[in-house]
Amino acid sequence: MRVESTPALIVAALLCWLIYTLFVWIRGVVHRRGLPEPSVAPGQLEIYQGQAFREMCRRAAYPGRRVMMTDYFAERGWNRADVMRILAELLKHKLIAVEGWRFGSYSVTHKGWAEYEGKLIWTGGEGVHISTGPGGFVVANVNSHHSVAHGGYGNRANAPDVPHQQLIDALRTDAETATSDEAVRAREYADDLAAAVDAQDADRTARVLERINALLSTATAAFTLARGLLPSGS
């Protein structure tokens, strides 16, 4: 009985492999169809590759978990052609894998996670501070004692300084006692803020801070530490 079933198992395995291979091929054709002109300069690809990989790892939290990155790509202004060029090396070396059918869905492989844990986890350092003043945010010299982001909540002056890393830590701590939905959002925003500071991206930092403000305006009393860092009425 076992001897007779072996060929059937081999045929079934080959059939499954062929079906999956066909699925991957068709998905690739669909994703490459009608690609726009790339907008990212070749010299920026390596930098953006590292940033995208770290963001995937932060969102995934562990290897094999599927994460949707379309919002991140849109936030960075990357089109599909840019994304495919930026992620080409990560896919080639099997640090990440494409998941599902939709464009923008990925997972971090065990090999990629080992790379992230060994070399790429951002530790935060000194952080960057928000100082008062009208206008947008200008972030420079991350991890320097003199790092300052000049700006304000709703462009209001006279707001107290808010250390970014302190706000990140407070969100993660408050999330431990928050409702499930709020906890997920708080951790995501903390990771997004850390990534924005790490990338020295002033516009992205401002957008993440706006989302944090929106969360805290409606969140439960669990977010006492994070609220204590923000100006009243923000």
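In this predicted model, the largest pocket is lined by 20 residues, and those nearest its centre are R58, R59, V184, E188 and D191. The volume of this pocket is about 480 Å³. Its lining is made up of 14 charged residues, six nonpolar ones and no polar ones.

Several elements contribute to that lining. Helix 2 (45–60), strand 1 (66–68), helix 3 (70–76), helix 8 and helix 9 each provide at least two residues of the lining of the largest pocket. Helix 8 gives the most, with six residues.

Helix 8 also packs against helix 9. The axes of helix 8 (residues 180–198) and helix 9 (residues 202–218) come within 9 Å and cross at roughly 160°. Angles over 145 degrees count as roughly antiparallel, so helix 8 is roughly antiparallel to helix 9. The crossing of helix 8 and helix 9 is left-handed. On the helix 8 side, the residues in contact are E182, R185, A186, Y189, D192, L193, A195, A196 and V197, and they meet R204, T205, V208, L209, R211, I212, L215 and T218 of helix 9. Sorted by class, the residues of this contact are ten nonpolar, five charged and two polar.

The second largest pocket holds about 290 Å³ of space. It is lined by 13 residues, with G28, R32, M84, L91 and V98 nearest its centre. Helix 1 (2–32) and helix 4 (80–86) are the elements that give two or more residues to this lining. Helix 1 supplies the largest share, five residues. The lining of the second largest pocket has eight nonpolar, three polar and two charged residues.

Methods:
Residues numbered from 1 in each chain as written. Predicted model: local features only at pLDDT ≥ 70, side-chain atom pairs only at ≥ 80, totals over all residues. Heavy atoms only, no water. Axes fitted to C-alpha atoms, helices over the stretch in contact; angles between N-to-C directions. Helix = DSSP H or I, 4+ residues; strand = E, 2+ residues; numbered from the N terminus. Parallel < 35°, antiparallel > 145°, perpendicular 65-115°, else oblique. Left-handed = near helix turned anticlockwise from the far one by under 90°. Contact = heavy atoms within 4.5 Å. Nonpolar A, V, L, I, M, F, W, Y, C, P; charged D, E, K, R; others polar. 1 Å grid on protein atoms, 1.4 Å probe; cavity = no way out; pocket = protein on both sides within 12 Å on 5 of 7 lines; lining within 4 Å. Points joined across faces, edges and corners; volume = space filled by probe spheres on them.
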